[in-house]
Amino acid sequence: MNAMQKLGKIEAIGLSLAVIINNIIFNMTSIIFNYCGSGSWINIIYVSILSLIFTFIIILLLKPFPSLDLLDISSFLGGKTLKCLISVLYVILFMSFSAICVRYYANNSHIIYFSGYNLLFLILLAFVPIVISSKIGLKAIYGTNLIVIPITILSIVLLFTISVRDFSWQKLFPIFGYGAKDLFINQSMNIFAFNIIGYLYFLPPFLKDKNDFKKVYIFSIIICSLYFLLTILALTMTFSYSFKADEYFSLYLISRLVSLGRFFQRLDAIFIFTWLLAFLSFICFNVYLMSYIIKKGFELSDSKELVYSVSAILIGVSLAFKNNAAVNSFTKIFFRNYTVILVFGISLVIVILACFKKRRIKKWKLKFIC
């Protein structure tokens with residue numbers, strides 16, 4: 001794990017898709033649906049456009065820093081102190097997101113299928129393959145991911161295809177939900193759902209070809225936008241705007257309605273199984289990435305043992321939530337705002353200031369040469 005393992009374009013896109021799919025499965029779309037009602041699909045289009053604009057700005061700003069991640073840029077701008085600070089802030093972000101997903105997985109698995117099992121047992125059982133994969137390294141994670149993610153994508157597309165018959169176009173109205181002001185101003189914070197951008201900040205050093213960064217970045221945001229839009233449309237056309245999709249996986253609520261004739265009913269178990277595989281792949285990547293950030297941020301010589309520490313802390317944080325209601329409150333009150341401030345605020349400011357510093361140094365060198 002100490003040696004830098006490189007990714008090709010396909011592997012990088014696969015890891016991005018793992019993050020995007022888990023955003024969809026673990027209730028990011030439900031939060032937007034609950035905030036915006038029947039106007040959710042308009043809000044998703046709006047925040048998708050904002051994310052794409054932000055993406056092009058970041059790509060432009062990162063041109064002077066090929067093959068450097070946000071930690072390298074922070075070190076260039078503010079030295080070791082700023083690099084350590086950004087490391088801590090992003091570990092908190094990824095730890096929070098991972099804990100939300102772990103607790104949702106455990107709670108829903110416990111309620112739906114495994115009520116006879118202890119909640120801690122279900123979490124510990126999930127972490128056995130997570131720790132093993134993270135210890136082996138990135139190659140094991142993206143290798144497994146390339147098998148799991150296509151199956152998961154197929155299951156979601158199949159779910160939408162089958163459930164079309166239950167859609168009602170009338171539920172898309174009123175088109176602006178609770179009002180245009182609320183949709184475009186108050187709920188612009190829903191851009192937090194594009195937290196994939198936070199992961200992409202750390203991508204450049206892992207790429208075999210630095211020119212792939214732009215392609216991976218843009219493709220990830222476009223795919224993220226399309227999947228969010230499809231999921232929101234499915235939720236909106238299936239349930240009334242007054243329905244609160246808080247307690248279960250947003251896609252699970254749709255999958256419960258799916259059947260193929262008289263003999264194939266309650267297919268939700270098949271969908272849950274494929275989503276479980278995507279969840280494990282995603283958490284493996286998160287544990288690896290957090291260990292990498294801690295090692296690089298604090299300049300540690302060995303990061304293998306960090307996998308155990310990060311996993312133990314993650315289990316502890318996930319157990320701190322009482323139930324799904326507590327997870328939802330944490331997501332809405334803390335995670336939503338924290339993501340926007342860190343990913344779309346602080347990180348952008350650091351990159352802009354680093355660009356100014358680099359230009360100033362370049363001008364100073366030219367004057368010195370002259």
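Select Asp69, Asp72 and Lys296 together, since this trio is linked in a network of salt bridges, a salt bridge being a side-chain nitrogen of Lys or Arg within 4 Å of a carboxyl oxygen of Asp or Glu. The model is predicted, so local features need pLDDT of at least 70 and side-chain atom pairs count only at pLDDT 80 or more, while totals for chains, interfaces and linings use all residues. Residues are numbered from 1 along each chain as its sequence is written, and side-chain values use heavy atoms, with hydrogens and water left out.

Begin with Asp69 and Lys296, whose closest N and O atoms are 3.0 Å apart in a salt bridge. Asp69 sits in the loop between helix H3 (40-61) and helix H4 (70-112), whereas Lys296 belongs to helix H11 (residues 268-297), 227 residues apart; helices here are DSSP runs of H or I with at least four residues, numbered from the N terminus. Both Asp69 and Lys296 are buried, that is, under 20% relative accessible area with a 1.4 Å probe and protein chains only.

Next, select Lys83 and Glu299, which form a salt bridge with the closest N and O atoms 3.1 Å apart. Lys83 is in helix H4 and Glu299 in the loop between H11 and helix H12 (306-319), so that distant parts of the chain, 216 residues apart, are linked. Lys83 is buried, with a relative accessible area of 9%.

A search of the whole structure finds three salt bridges.

Note on methods. Helix = DSSP H or I, 4+ residues; strand = E, 2+ residues; numbered from the N terminus. Buried < 20%, exposed > 50% of the residue type's maximum accessible area, 1.4 Å probe, protein only.
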